[in-house]
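User: I am new to reading sheets in protein models. Could you take me through this one, setting each term against its definition?

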Amino acid sequence: ALTTAMAAPLLALGLTDLIDTHFNLSISLSQKSGKLLAQILSSYKHGSRPVSLLGYGLGARVIWYCLQELKDQKLNNIILDVYLMGCPVSEGLEEWRKIKGVVRGRIVNG
């Protein structure tokens, strides 16, 4: 009886490890994707006009890392506006100010 009572909670704990592993992998891939996006944008294959970026969830995190990479490369004329929806980033005000230097227009974090 005790084994049966413990089976469901143990199964739930096992599933949380699986979910946590996939989320951590997604976080890591979003950082790599952001750097790749910055590299593509800095090559100006999109032309010479500035671009607006819109992302939701981990897509917003990709944009965040893209902006950090552009800031590190001191490329300030590529991004016009940025719209981040449900961005899983917890950075301080100073880091947001640094990122703002890369964007010509507005950064909306909703």
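User: How do you know that β1 pairs with β2, and in which direction do they run?

Analyst: This is a predicted model, in which local features need pLDDT of at least 70 and side-chain atom pairs count only at pLDDT 80 or more, while totals for chains, interfaces and linings use all residues. Residues are numbered from 1 along each chain as its sequence is written, and side-chain values use heavy atoms, with hydrogens and water left out. Two strands (DSSP runs of E, at least two residues, numbered from the N terminus) pair if DSSP finds at least two bridges between them. Because that cut-off is at least two bridges and 5 bridges join β1 to β2, they count as paired, and they run parallel. Within this pair, Gly55 stands opposite Leu84 in β2.

User: What makes β2 and β3 partners as well?

Analyst: Strand β2 (residues 79-85) is joined to β3 by 3 bridges, and the two run parallel; Leu84 has Asn109 as its bridge partner in β3.

User: Why is one side of β1 and of β3 left without a neighbour in the sheet?

Analyst: The open sheet has the order β1-β2-β3, and β1 (51-56) and β3 (107-109) stand at its edges, each with a single partner strand, so one side of each has no neighbour there.

Terms used. Helix = DSSP H or I, 4+ residues; strand = E, 2+ residues; numbered from the N terminus.
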